[in-house]
Amino acid sequence: MDLLKSIFHTFNPDVKAYPSAKAFDTAAKSYAASVTTNLPPAARAVILQQPLEAIQNVQLVDSSTNTIGHLAIIDILLRGPTPAATPRELILDEALRFLLRFDPVQIRYVGPLFKSLLDDLSNFYTPKVAVELLSNAILRIDPSGSVFTSTHLNMAKLAYDANCIEPALKVLDADILYYVRPSASTRLELNDTALQPQNYIPAAGLTDTVKSTSVLEYHFLQAMAYISRRDWPKAQLALERVIGHPAKDKGVSKIMAECYKKWLLVGVLRDGKPPNLPSYITSSTRSIYNGLSEAYNNIASLFPTDGAAALKEEFEKRRAVWEEDQNLSLLEEVLVSYQKWQVINLRRIYHQVSISQIRETTLSAITAETLKDDGEVLMLISEMIESGMLKGELQIGSTAGESYLTFHEEYNSMTEAEFAAEVARCHASIEALTKQYRATNERLGTTKEYARHVLREQKRMDKDTADAGVGFDMNVEDEDLMTGVLGSV
Amino acid sequence: MAASASTQPGSDAQAYAKSPDVIVTELPKLDIDLYIQNYVGRTRYERLLLIGKCCVPLRVDALKAAVIEAKSGSDVTRYKDAWQLLRSVAPDEPEAQRDEEWIEKTELANRTETARLETELKGYRNNLIKESIRMGNEDLGKHFERIGKLSEAADAYNKMRHDVSTTKHIFDCGMHLASIAFQRRDWATVLSNVGKISNIQSGDEEQAQQQAYTKVASGVALLGLGNYYDAAVTLLHTNPNVSPTEYNTVASPNDVAIYGGLLALATMDRVALQNRVLDNQSFRTFLEHEPHIRKAISLFVNGRYSNCLSILESSRPDYLLDIYLQPHIPTIYSMIREKCIVQYFIPFSCVTLDSLDAAFGGPNRSVELELIRMIRDGSLRARIDAKNKLLVAVSPDPRLVVQTNALAVARKYELEAKERLRRMNIVVAGLETSSSRKQPSGGVGGPELEEAWYEDGGNVPPATDQAAEVDLDDA
């Protein structure tokens, strides 16, 4: 036990005790090495033999202060054979406590170890707990959640497979803006407070290298999670991230095509009409998508029309397609919402309308007929008002047919103060984005593509001064250069 | 007609004429004899036949006239068509007896004439006299047109163009071709041929005559294409001082007044109607032929919409019997009606549906459905209050509109900025998808490029990464 103490208590986690940040950095690094890779086998054996004592030992130092040591012991205990006398729950509880309270700076010194712990979390806990812990860990490492890591994907997979999306939402809702670049190998002082998450996460080894497919898969799972919660706007955004993923050669991968199909349906569910592709999607990609999803395009274009029968027929006719694409339940959702959107669209025509009129003018896409009695319509509408889908008010009359629906304005008027606050929020967020743009600009400035571009530009300038008369040549070269750069960007 | 049907199918107007969906049962005001006097040429038969097909009270008279008209010419197909129709409606009339002798005689005469003209033309060709060749072609074309072989006629007329030498020739050639295109209901061809002749410079008097023809012909063609506003503008510019004989192969002055007036009513606003139609001296001359059109327009301008509509309604059977107007009447009438309703509603913030019914609805016919359609189309900015039976004008709150728009723009900007930042970072990290040319090392986002390209500006090995294909096994 003394051996353990002599190893684990050598590190003082208080930054103030060190003369400089650099000194802390050095100390933390050597400590991390001494408790992980350089840990004497004897110490490991002691920990495995006397788990309780080992835990108590580290409990003397709080996990939020000595994160490095704590993680090392927990890792050994979780993986090593522990004596049968020691209850597994105890170790798991200890790990849980650690995961909730670890120090986000110190953890950077034991990144790979921590990441492997996160990777295996689903083996130790039930999915629900694991998702909660993962999302907590991701946000502790990077409070903005804006850097994509391999843990993101693991969490999304786990959350979606086990259908426990609620605890993952905090991470899923965060906007991902950065992707790690494997080439960032320069040695960083990991405790530097000015360090951005997109820099320290890869440097600390807190993520695996990420592939483009992982990015696509993550956003796909994100979209599926939102779809299962019927959160159409967010699902649509997530799907747009997949279908708009930059491609080098105008191609469209299978996952992108699948997402395009879902995106059409989700867009219809969200707005009641076919969605518009974002502006950054090139026309060639657009036409590829169009060609790939004729059946879905038909559904989307039939949705805003009066053709309930045509919609139903199209649905029945292509049932095999929907099943093959595993979109059947989404399609059913579309059919159910058809009549709801018909009702919503009535607000453009009526200020007040009777329930019986609604029954006569709207068709259900499931039967291609009107609803059977006014009571059903009344139910449908009160359901819509309750869910917030329809802004309006019911005036119940003596019978269902004599009840009236009054449509409210689509948007509520805000007070000036509320409006100003909202504008200020947008302003602040755009300001923040501007900073991030600058950071990205710097990052781009250090890429080889850019260096090459500058070099060529210089060469061109030299050439220009040599024979300034050849304006035509210059133009051609300019165009060449543009295509070259755009092609690779 | 039958010959043209086989050559130019698919036109809307044709479909109407062939299978008369439109059946007029009320007695129209027109008198067949007086009506048909206004026209010359092949349009007479077409007009008579249309009346015979569509108008129940007049059909026997019209078809008899059509049979006589056909027999006065040499188009056997036309005679057969008219005879067949007449036989089905009035088998006892003397004209309903098939005149086999005439048919045989005419067919024989036609064949001989064709052969004769073709031989003559051959002779002219051998002699290489341009003017004779042109005249030969013209004669042949006229003959083919007379006997109903429209595509042959068009060929012959087209050949005239090679040998034209004066502006008059160009004009004739264009007119012949336009005439064929009229019979085929090929409006685009009419327009292109009329366009060719309208640019010709010639003497003043001639110019005026040509102007009248080109305006009327292109106006009718634009109407046929459904381009109502342009048609109205064109017809409004027709020169009234030219004798109707210049254009009565196409339309009569009455027709110019009706087409121009109705289309203007359907497409122009009140100020334009006052300035360009009622105060237009030259078009006034035409309107005098059709006083009720003028009445309807001035009633509309003065805001008496229901009177205007009832006048139009009373003339509906007549207009439905016009070959060029018939397919468009429902559209034109509903456009005028919509305009009336919109104009009627402008001064009010809300109107009871009952008063709208009184102004625009007929007996047992409510305007509500029409209102719904108009609101849906966006032509009427109002909402219906079904509980209080009101039509309420939409008065958007400008402050709300500004707020909503401002926030929407701000949010969109924010979202797009984020998305673009994200995309830039994807590119920086080399995470674009690419389906071709995988690198064996794969798996690493944006693998390092060889240093080679860094030195020379030559070939760039693309920074590819893993395959883009992903199976959706966990979807």
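View 1. pLDDT is the predictor's own confidence in each residue, on a scale from 0 to 100. In this predicted model, local features need a pLDDT of at least 70 and side-chain atom pairs count only at 80 or more, while totals for chains, interfaces and linings use all residues. Residues are numbered from 1 along each chain as its sequence is written, with chains lettered from A and ligands numbered from 1 in the order in which they are written. Chain B averages a pLDDT of 81, and 85% of its residues score at least 70. Residues 1-19 of chain B stay under 50, with 35 contacts beyond four places in sequence in the model; a contact here means two C-beta atoms, placed from the backbone, within 7 Å. Residues 436-475 of chain B also have a pLDDT below 50, and that stretch has 74 contacts beyond near neighbours in sequence. For the model as a whole, ipTM is 0.79 and pTM is 0.69.

**View 2. Chain A at a glance.** Chain A has 25 helices and five strands, taken as DSSP runs (H or I over at least four residues for helices, E over at least two for strands) and numbered from the N terminus. Take the chain A contacts between residues at least 6 apart in sequence, and 67% of them join residues at least 24 apart.

**View 3. Two nonpolar cores.** A nonpolar core is a set of buried Ala, Val, Leu, Ile, Met, Phe, Trp, Tyr and Cys residues joined through C-beta atoms within 7 Å. The largest one has 118 residues, and Ala66(B), Ala217(B), Tyr259(B) and Leu263(B) have the most contacts inside it. Helix α14 (residues 253-267) of chain B is the top contributor, giving nine residues. A second, separate core has 114 residues, including Tyr178(A), Cys259(A), Val266(A) and Val427(B). Zoom in on Ala66(B) and, leaving aside neighbours within four places in sequence, you'll find Tyr45(B), Leu48(B), Leu49(B), Gly52(B) and Ala82(B) in contact with it.

**View 4. The buried side of α9(B).** In helix α9 (residues 150-160) of chain B, the buried residues are Leu150(B), Ala153(B), Ala154(B), Ala156(B), Tyr157(B) and Met160(B). They cover an arc of only 165 degrees around the axis, so they sit on the same side of α9(B); the arc is that of the directions from the helix axis to the C-beta atoms.

View 5. Six strands make an open, mixed sheet in the order β4(A)-β5(A)-β3(A)-β2(B)-β3(B)-β1(B), where pairing takes at least two DSSP bridges between strands. β4(A) runs antiparallel to β5 (residues 404-407) of chain A over four bridges, with Gln395(A) partnering Tyr404(A) and Leu394(A) opposite Leu405(A). Strand β3 (residues 350-354) of chain A is also antiparallel to β5(A), over three bridges.

**View 6. Where the chains meet in the sheet.** Two bridges join β3(A) to strand β2 (residues 382-385) of chain B, and these strands run parallel. Gln352(A) stands opposite Asp385(B) in β2(B) and opposite Thr406(A) in β5(A). β2(B) is joined to β3 (residues 390-393) of chain B by four antiparallel bridges, with Ala382(B) partnering Ala393(B). Their hairpin has four residues between the strands, and Lys389(B) takes a positive phi near 55 degrees.

Terms used
A residue is buried if 20 or more other C-beta atoms lie within 10 Å of its own, exposed if 12 or fewer, and partly exposed in between; C-beta atoms are placed from the backbone.
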